[in-house]
Amino acid sequence: MSKEYEIIEATGEMYKCNDHYPDTYALNIEWVANGIGFGELNITYNEKTGKWRKDTEYMSDEFCQAVLAKWLADMERS
């Protein structure tokens with residue numbers, strides 16, 4: 001993993017999409033990183049087709065994995 005950045009914060013929200021995207025749920029993860037700034041990683045799931053999609057705002061897979069890792073690490077355990 002690159003040391004050009006450090007993910008400081010990653011918070012997620014899940015919701016059912018509007019009528020424009022029927023049968024779809026979204027996970028939106030807002031992140032803040034040293035050296036880069038802030039942004040969002042959006043992941044959607046269509047329950048009818050079973051397909052997952054991501055909108056990375058042109059972030060690399062490595063960076064998206066770092067955002068997901070930070071989000072998971074900060075998640076409360078049940």
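How many helices and strands are there in the chain? I looked this up first, and I found one helix and four strands. Helices here are DSSP runs of H or I with at least four residues, strands are runs of E with at least two, and both are numbered from the N terminus. Reading on from the N terminus, I noted the order β-β-β-β-α.

A word on what I am looking at. This is a predicted model, in which local features need pLDDT of at least 70, side-chain atom pairs count only at pLDDT 80 or more, and totals for chains, interfaces and linings use all residues. Residues are numbered from 1 along each chain as its sequence is written, and side-chain values use heavy atoms, with hydrogens and water left out.

Next, the whole chain. I read a span of about 40 × 35 × 20 Å for the C-alpha trace along its principal axes. Of the 78 residues, 31% are buried (under 20% relative accessible area, with a 1.4 Å probe and protein chains only). I also checked contacts, meaning heavy atoms within 4.5 Å. Among those with a separation of 6 or more, 38% join residues 24 or more positions apart.

Asn-28 sits in strand S2, which covers residues 24–34. Is Asn-28 buried or exposed? I found Asn-28 buried, at a relative accessible area of 7%. Leaving out residues up to four places away in sequence, I listed its contacts as Thr-11, Gly-12, Glu-13, Tyr-15, Glu-40, Leu-41 and Asn-42.

Definitions and conventions
Buried < 20%, exposed > 50% of the residue type's maximum accessible area, 1.4 Å probe, protein only.
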